[in-house]
Amino acid sequence: METTTSPHVWLDEQSRAWIDDTNVKVIEVALDHLAYGWSAEETQRQHPHLSLAQAYAALAYYYDHKAEFDRQVEQSLLRAEALAVEAGDQPLLRRLRAAGKL
């Protein structure tokens, strides 16, 4: 069941926020904003399938729920770090370090 939360943003059954008429989650736009500093205009330039209104709506939804999204991002980073430790020193990483690429 879809729940519309604001113009251009809806929640799925797991309470994930999506941009309407797309296959893009709000957190993806938020991550681009956090990682690259993209404005709504730059987000729309980089993702032309999004309208400018959708890009603004995604960023507005992010800022309205910033603590929740930031917690999600932090948990994802911790999971990624744990998986990297679990994977250990892979042969490719050893070769890249030996070649001075890492």
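**Exercise 1. Find which residues form one aromatic cluster with Y62, and classify the pair Y62 and Y63.**

*Solution.* Start with the members: Y61, Y62, Y63 and F69 form one aromatic cluster. Rings of Phe, Tyr and Trp (its six-membered ring) pair if their centres lie within 6.5 Å; planes under 30 degrees apart are stacked, over 60 edge-to-face, and the rest tilted. Next, take Y62 and Y63: their ring centres are 4.9 Å apart and their planes stand at 65 degrees, so this pair is edge-to-face. Finally, check burial (buried is under 20% relative accessible area, exposed over 50%, partly exposed in between, with a 1.4 Å probe and protein chains only). Y62 is buried at 1%, whereas Y63 is partly exposed at 46%.

A word on the model: it is predicted, with local features needing pLDDT of at least 70 and side-chain atom pairs 80 or more, while totals for chains, interfaces and linings use all residues. Residues are numbered from 1 along each chain as its sequence is written, and side-chain values use heavy atoms, without hydrogens and water.

**Exercise 2. Classify the ring pair W10 and W18.**

*Solution.* The centres lie 6.1 Å apart and the planes meet at 15 degrees, so W10 and W18 are stacked. Then look at burial: both W10 and W18 are buried.

**Exercise 3. Work out which residues I19 touches beyond its neighbours within four places in sequence.**

*Solution.* Apply the contact rule, heavy atoms within 4.5 Å. With those neighbours set aside, I19 is in contact with H8, W10, V24, V26, V29, L50, Q54 and A58.
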